[in-house]
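Me: I've got a model open and I'd like to talk through its packing and its aromatic rings. Can you take me through it step by step?

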Amino acid sequence: MEKQIESTSSNRLAKIKKFIVYGFLICFAFVFIVYLWACFSIRSGIKNISAEATQQYPGDRVEALIAFVKSEDHSFRERNLAVWALGQIGDKRALPVLNQFYTGGPCDHNHYLCQGELQKAIKLCKGSLNATAWLPL
């Protein structure tokens, strides 16, 4: 009788362990899939704004985005998107123009480029951890 109780208890413990292991693996797979989706979504956004910039300005992707950020022919929203793209690309050539517009003051999206976005872009261009940098553009 004791052996039967021990056996039943061991079976339950084995089932619980199996449930926990499979649950962890499923959660990990889900998080990894969401991460991959986010990475490809970010890269798609970079390609879109870069394509718009390279149609209007000469040079490679980074040079065109820099010119786009400097241009007052575009809205602050569009220029902020270009700042974001420059940060995601992480090219050091963007630092002078990003620093030029960064004041460190509060954001005023109606009159200036987003200071928070500029700060993030500057950090990324200086080599801060970029979780999507491994994907080619």
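**Packing and rings**

Reply: Leaving out neighbours within four places in sequence, Leu98 touches Val83, Leu86, Leu118, Ala121, Ile122 and Cys125, where contact means heavy atoms within 4.5 Å. Before going on: this is a predicted model, where local features need pLDDT of at least 70 and side-chain atom pairs count only at pLDDT 80 or more, while totals for chains, interfaces and linings use all residues. Residues are numbered from 1 along each chain as its sequence is written, and side-chain values use heavy atoms, with hydrogens and water left out.

Me: How many aromatic pairs turn up in the whole structure?

Reply: Rings of Phe, Tyr and Trp (its six-membered ring) pair if their centres lie within 6.5 Å; planes under 30 degrees apart are stacked, over 60 edge-to-face, and the rest tilted. On that basis, the search of the whole structure gives two.

Me: Why is the pair of Phe28 and Phe32 called stacked?

Reply: Both residues sit in helix H1, four residues apart, about one turn of the helix. The ring centres of Phe28 and Phe32 are 6.4 Å apart, and the pair counts as stacked because the planes are at 10°.

Me: And Tyr57 with Phe68: what is the angle between their planes?

Reply: This pair links distant parts of the chain, eleven residues apart: Tyr57 is in the loop between H1 and H2 (61-70), and Phe68 is in H2. Their ring centres are 6.3 Å apart, and the pair is edge-to-face because the planes are at 85°.

Me: Is Phe68 buried or exposed?

Reply: The cut-offs for relative accessible area are under 20% for buried, over 50% for exposed and partly exposed in between (1.4 Å probe, protein chains only). Tyr57, at 17%, counts as buried. Phe68 has a relative accessible area of 0%, so Phe68 is buried.

Terms used. Helix = DSSP H or I, 4+ residues; strand = E, 2+ residues; numbered from the N terminus.
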